[in-house]
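Here are my notes from going through the model, as promised.

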Amino acid sequence: MRHRMSQISAFWNARSRVQQWGLLVPVVVFLLWLPVLNPPLITTEPATDFPIALFNAAVLALIAIGLNVVIGQAGLLDLGYVGFFAIGAYTTALLSSPDSLLGVRYPWLVIVPIAMLVTMISGVILGTPTLRLRGDYLAIVTLGFGEIVRLLADNIDPLRGNRGFQNIARPEATYPDGSPVFSQTDVLGFYWLAVCLIVIVLMLMGNLERSRVGRAWIAVREDEDVAELTGVPTYRFKIWAFAIGAAVGGLSGALFAAQVGYVNNQRFDVATSILYLAAVVLGGSGNKVGVIVGAFLVSYIPDRFQFEPQYRFLVFGLALMVLMAFRPQGLLGMRQHLLTYGRQAYRRLFGAGAAVAPTGMTASTRAAGDLPEVKPDDHAGTSPRGGGE
Amino acid sequence: MPAGGGRPTPPQERVISPVLGLAVLDPAVLDPAVLAPLVAPSEPWINFDVGLLVDRFWANTINGLAYGSIYALVALGYTLVYGVLQLINFAHSEIFILGVFGVYLTFLALGFEPGAIPDLPLGFIIVDLILAGLVAMVVSGLAAVLLERTAYRPLRRRRAPRLAFLITAIGASFVLQQLIRIWRGSNPEGTIRLLPPTPVFEIFGAPVTNLQILIFVASLAMFVVADTFVNRTRLGRGIRAVAQDPDTATLMGVNRERVITITFLVGGLLAGVAGLFYLMTIPQGAVYNGGFLLGIKAFTAAVLGGIGNLRGALLGGLILGVAENYGQSLFGGDWRDVVAFVLLVVVLMFRPTGILGESLARSRA
């Protein structure tokens, strides 16, 4: 099994980026087609509408991608990520619901960038004072932040607490026959939108990871002191990680609010935050594909096998414990392409067989120094552009 | 706590947080004549009522000291474990709530019915309370040791990174919480009040109840016992040695694993006592997720005083209990928890080592 996996991974890594994209196109098309196919055994019906189950999984995947920036890339344990999701959802509600005191009704597409900007700013506001803390302390402060956001939604009257906001704007588009693509009753359009957003965000994140920013994050994650000493402005990059992670959280909040059309204070508790954490850790923090798989499992399994909600938390709590004991790197381990032309460089350095750094290595083995690429290299001049060309 | 994953449910009956229950009962807070409108002209959602704060200063202080001593007892558990293992034992709140359930089930086993106030001589009630407290200590202590054995020890064997410990702790917290939920349901248990609070005397016009005196004095006594244990006994010296330098302590013949087990045991025992006092203060508090909020606040208390420092935990607990009450008078009942969380964030921002500074090793007599 492990051997087969490594074969697949070797094959995959030997492809060029264009070839990889080409191979991914049918996968994405298949995913888009999945709710229409509604295949037996895989479907969650009749308990849960299959497109809704897939949409929820997609939103969780988007959240997990955002949270992965904070936890997986920069190594900052954020237990209050649901706060950003909430801020995104509430921004959407405030700017479009007739219940809102603002009295505006912007279209969804206008709201999305505003929601992302607002969450990004809130990420910076949270990060500026707290990111001087490390490890466990940071985790607890972010948890406090998440609770504060929820309590504010409870307490501040214009946010309407439990009554919530109705009739939130959704994206406007029609099929050729005139029926709306995005409606309360038909989730298919929302699912397609979510998948497209995931693809776009993944592309942007991939570029970010291979850039100077991504390398700085990894340096911070592996050893903050060393990173600081080697000239990485760690504080600034940690804030960036928070802001970018928050923006993705806001995007998913806006998407979710649009689909449900209703936001109140009942979904943004710490338990939900822990579920997000479970998705990231389960799939393998630091691995974009991994966290998507993790999010899919966390969202899909309870829908498919119709767990009661309490069993959902029980099972994923257990999963977190078992994973930490036996496979702390998650189902798919962490892996990174630190350099844009990294694979060519590896081939030059280690021969044709070694296409890329081995996958599934833990941070400690990498830190042991047997691989050259872990140096927190932050000098633009030494970026190996042309290294393999 | 609503179930995650589902869609937002339309407005429904809301379970009032057991901690807030205390706040909501106070009629003075809810009296609209007392509240000064600040933002919205109709009903204010936040106040800035200095008058009420001054009026209720002594009542708040007394109440806060009694409630804060419960925080302090739970905070001692956080602080001991943190001192020895540098681990935020996230599941400690569930250890505590297990103690609360231990008390509650003992009450049931002793034949008390929810809702009725027992008509027994004081001596019997005291014996019953002590019995319930002992059961709670056994339950919490055992649970803490079991947690250590099953969740944390395997990780130590594998020399897992610190984040793995924290995530395991979170997972364990969820597992315990949901197990209680599956076992006892998600509604709070009925209220059993063995010792109704009756005012004994007044300080500056604020009544002091027998319950408050009992809790405050007993908590202080427990603290003194714990402090003496850590600072004066052989085992306590072992705990301090491991906290200071695990490797050297091992070389000097301290059994590290045993010290860790004892640390968890002591934390669990204290949490059990706290469970008894909590249920006496808030009889409707036996609910599966009731430990979460109190756990976070107790952790805040531990950080406030200086985590890893026993006296800091006591100080932090009392300060937090009092500050929450002041905040509640100042801003309104709904803002009680916000005050606690903001305090947590502010303390960590400006003085992460707390008021008395961290380090169990250096907190000697």
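This is a predicted model: local features need pLDDT of at least 70, side-chain atom pairs count only at pLDDT 80 or more; totals for chains, interfaces and linings use all residues.

**Notes on the two-chain model**

1. Let's start inside chain A, where Leu275(A), Ala278(A), Ala279(A), Val280(A), Leu282(A) and Gly283(A) of α11(A) meet a run of residues in α12(A): Gly290(A), Val291(A), Ile292(A), Val293(A), Gly294(A), Ala295(A), Leu297(A) and Val298(A).

2. The crossing of α11(A) past α12(A) is right-handed.

3. Now the overall makeup. Chain A has 15 helices and 0 strands, while chain B comes to 14 helices and 2 strands. Of the 389 residues in chain A, 50% count as buried; for chain B, with 365 residues, the figure is 53%. If you take contacts with a separation of 6 or more, residues 24 or more positions apart account for 79% of them in chain A and 78% in chain B.

4. Which residues touch the most other members of the largest nonpolar core? They are Ala58(A), Leu62(A), Ala64(A), Ala194(A), Ala278(A) and Ala279(A), out of 234 residues in that core. The largest share of the core, 18 residues, comes from helix α4 (residues 57–85) of chain B.

5. Ala58(A) deserves a click of its own. Setting aside neighbours within four places in sequence, Ala58(A) is in contact with Tyr191(A), Ala194(A), Val195(A) and Ile198(A). One of these partners, Ala194(A), is also on the list of core residues that touch the most other members.

6. Next, have a look at Gly249(A), which sits in helix α10 (residues 234–260) of chain A. Is this glycine buried or exposed? Gly249(A) counts as buried because it has 34 C-beta neighbours inside 10 Å, and the cut-off for buried is 20 or more. Leaving out residues up to four places away in sequence, Gly249(A) touches Ile63(A), Gly66(A), Tyr81(A), Phe84(A), Phe85(A), Gly88(A) and Thr119(A). For a sense of how the chain comes back on itself in sequence terms, Gly249(A) and Asn68(A) are 181 residues apart along the chain and 11 Å apart in space, C-alpha to C-alpha.

7. On to the contact between the chains. It takes 47 residues from chain A and 45 from chain B. On the chain B side, the elements giving two or more residues are α6 (122–157), α7 (162–184) and α14. The largest share of that side, 15 residues, comes from α7(B). By class, the chain B side divides into 32 nonpolar, 7 polar and 6 charged residues.

8. One helix pair across the two chains is worth a zoom. Helix α6 (residues 135–155) of chain A packs with helix α14 (residues 336–350) of chain B at about 150°, with the axes 9 Å apart. The two are therefore roughly antiparallel, and α6(A) passes α14(B) in a left-handed crossing. From α6(A) the contact uses Tyr137(A), Val141(A), Gly144(A), Phe145(A), Glu147(A), Ile148(A), Leu151(A) and Asn155(A); from α14(B) it uses Asp337(B), Val338(B), Phe341(B), Val342(B), Leu344(B), Val345(B) and Leu348(B). That gives 11 nonpolar, 2 polar and 2 charged residues.

9. Most residues other than glycine have a negative phi. Asn38(A), however, has a positive phi of about 50° without being a glycine. It lies in the loop between α2 (17–37) and α3 (50–73) of chain A, and Asn38(A) counts as partly exposed because it has 15 C-beta neighbours inside 10 Å. Over in chain B, Arg159(B) also has a positive phi of about 50° and is not a glycine. Arg159(B) lies in the loop between α6 and α7 of chain B. With 8 C-beta neighbours inside 10 Å, Arg159(B) counts as exposed.

Terms used. Residues are numbered from 1 along each chain as its sequence is written. Chains are lettered from A and ligands numbered from 1 in the order in which they are written. Axes are lines fitted to C-alpha atoms, for helices over the stretch in contact, and angles run from 0 to 180 degrees between N-to-C directions. Helices (H or I, at least four residues) and strands (E, at least two) are DSSP runs, numbered from the N terminus. Angles under 35 degrees count as roughly parallel, over 145 as roughly antiparallel, 65 to 115 as roughly perpendicular and the rest as oblique. A crossing is left-handed if the near helix is turned anticlockwise from the far one by less than a right angle, and right-handed if clockwise. Two residues are in contact if their C-beta atoms, placed from the backbone, lie within 7 Å. Ala, Val, Leu, Ile, Met, Phe, Trp, Tyr, Cys and Pro count as nonpolar, Asp, Glu, Lys and Arg as charged, and the others, Gly among them, as polar. A nonpolar core is a set of buried Ala, Val, Leu, Ile, Met, Phe, Trp, Tyr and Cys residues joined through C-beta atoms within 7 Å. A residue is buried if 20 or more other C-beta atoms lie within 10 Å of its own, exposed if 12 or fewer, and partly exposed in between; C-beta atoms are placed from the backbone.
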